[in-house]
Amino acid sequence: MSRLVCRKCWAWYSDRETSCPRCRTPLVAVDTAPEPQAATPPVAPEDPTAPTAGLLPVPASAPPAGRGWALRLRLLLVVAIIVIAAVIAVLTLAPATTSADGAFSVRVPSGWNHKTDFVLPGGETPVLTLYGQVTDGIQAHIIVTNNHTDYIPLSQIEQVWPSIVARQVAGLPAGFTPLTTRMVGGTNGLSTEYRSSQVGFVFIIVDHANHTYLISYSAAASQFNRLRDGDFAGVINSWHWN
């Protein structure tokens with residue numbers, strides 16, 4: 001007599017039973033191999049960061065293709081422009097020019113010439129003479145002298161100012177602006193201006209190392225303001241006492 005078994009309860013029954021009275025599972029003969037059950041693979045928990053099927057993961061912070069090289073190229077261009085500008089500035093910067101008495105140095109503006117053989121009408125030789133362009137028949141110039149008389153304190157300059165101007169520019173009429181304070185190379189000075197319809201003058205008086213220096217600038221009236229605030233101001237700003 002055949003023996004039947006329940007593969008779930010593993011209870012044995014006679015062949016008169018067809019199913020297990022306990023679990024109603026069909027009985028099988030002891031020599032019958034169990035039917036293979038399809039294995040269900042474990043389901044991994046869903047990963048919200050997992051990439052879409054078929055696509056390679058791309059870091060969220062990664063720039064688009066080619067953008068990294070573009071950024072590097074832009075940085076290199078900026079650096080190159082800075083370096084070129086610095087080189088041009090160094091190459092175009094005029095070397096310092098020292099006065100004949102060695103007391104000071106200045107930067108000569110572009111377009112101006114340093115003259116060493118200029119003599120004033122009274123026979124005085126300036127310690128520095130710079131010539132600019134001729135406009136309306138008038139030569140722009142910057143002249144510095146220091147041997148007018150003995151050392152004159154600024155507090156007394158107004159007393160001798162007319163005679164100093166007369167020696168500097170013969171025949172120049174009165175009409176100067178009031179003296180105002182102006183720094184030259186860190187030293188206090190006094191400045192005044194004269195203007196006419198044809199020409200303009202600036203005079204700066206500075207006392208340094210027991211010498212009274214007179215700095216004069218002149219130019220045609222049409223160019224006076226531009227040069228005064230540009231080239232002449234550049235000379236004064238570059239002034240260095242040695």
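1. Two strands count as paired when DSSP finds at least two bridges between them. By that rule, seven strands form an open sheet in the order E6-E7-E8-E12-E11-E10-E9, with antiparallel pairing. Strand E6 (113–115) and E9 stand at the edges; each has a single partner strand, so one side of each is left without a neighbour in the sheet. From one strand to the next, the twist averages 25 degrees. Please keep in mind that this is a predicted model.

2. Some overall figures. The protein chain has three helices and 13 strands. It holds 242 residues, of which 33% count as buried. Among contacts with a separation of 6 or more, 41% are between residues 24 or more positions apart. The accessible surface comes to about 15,700 Å², and 58% of that belongs to carbon and sulfur atoms.

3. Strand E9 (residues 180–184) is joined to E10 by five bridges, and the two run antiparallel. E9 and E10 form a hairpin with two residues between them. Glycine 185, in the turn, has a positive phi of about 60 degrees.

4. Next comes E10 with E11. Seven bridges join these antiparallel strands. Tyrosine 194 stands opposite phenylalanine 201 in E11. This pair of strands is also a hairpin, with three residues between E10 and E11.

5. Then E11 with E12. These strands run antiparallel and are joined by 10 bridges. Valine 199 has alanine 220 in E12 as its bridge partner. Helix H3 packs on the sheet and touches E7, E8, E9, E10, E11 and E12. The direction of H3 makes about 140 degrees with that of E12.

6. Which residues touch the most other members of the largest nonpolar core? They are Phe104, Val144, Ile204, Ile215, Tyr217, Phe232 and Trp239, out of 26 residues in that core. At least two core residues come from each of strand E5 (104–107), strand E7 (128–135), strand E8 (138–145), strand E11 (199–208), strand E12 (211–220) and helix H3 (221–237). H3 supplies the largest share, five residues. Apart from this core lies another, of 12 residues, including Ile138, Trp161, Val199 and Ile205.

7. Valine 144 lies in strand E8. Its relative accessible area is 0%, so valine 144 is buried. Beyond four places in sequence, valine 144 touches Phe104, Pro126, Val127, Leu128, Tyr213, Leu214, Ile215 and Trp239. Leucine 130 is 14 residues away from valine 144 in sequence, and their C-alpha atoms are 9.1 Å apart. Tyrosine 217 is the other one to view. Leaving aside neighbours within four places, tyrosine 217 is in contact with His141, Ile142, Gly200, Phe201, Val202, Gln223, Phe224, Leu227, Arg228 and Phe232.

8. Is serine 191 buried or exposed? Serine 191 counts as buried, because its relative accessibility is 8% and the cut-off for buried is under 20%. Serine 191 is found in strand E10 (residues 187–195). Neighbours within four places aside, serine 191 is in contact with Pro178, Leu179, Thr180, Arg182, Val202, Phe203 and Ile204.

9. A search of the whole structure finds three salt bridges. In one, the side chains of aspartate 117 and lysine 115 meet at 3.7 Å, N to O. Aspartate 117 counts as exposed, at 58% relative accessibility. Lysine 115 counts as partly exposed, at 29%.

10. Glu193, Arg228 and Asp229 are linked in a network of salt bridges. The side chains of glutamate 193 and arginine 228 meet at 3.3 Å, N to O. This pair links distant parts of the chain: glutamate 193 is in strand E10, arginine 228 is in helix H3, and they are 35 residues apart. Arginine 228 also forms a salt bridge with aspartate 229, where the closest N and O atoms are 3.0 Å apart. Arginine 228 is buried, with a relative accessible area of 19%. Glutamate 193 is partly exposed, at 21%. Aspartate 229 counts as exposed, at 53% relative accessibility.

Conventions: Residues are numbered from 1 along each chain as its sequence is written. This is a predicted model: local features need pLDDT of at least 70, side-chain atom pairs count only at pLDDT 80 or more; totals for chains, interfaces and linings use all residues. Side-chain values use heavy atoms; hydrogens and water are left out. A nonpolar core is a set of buried Ala, Val, Leu, Ile, Met, Phe, Trp, Tyr and Cys residues joined through side-chain atoms within 4.5 Å. Buried means under 20% relative accessible area, exposed over 50%, partly exposed in between (1.4 Å probe, protein chains only). Helices (H or I, at least four residues) and strands (E, at least two) are DSSP runs, numbered from the N terminus. Contact means heavy atoms within 4.5 Å. Axes are lines fitted to C-alpha atoms, for helices over the stretch in contact, and angles run from 0 to 180 degrees between N-to-C directions. Accessible areas come from the Shrake-Rupley method with a 1.4 Å probe; for residues, only the protein chains shown count as cover. A salt bridge is a side-chain nitrogen of Lys or Arg within 4 Å of a carboxyl oxygen of Asp or Glu.
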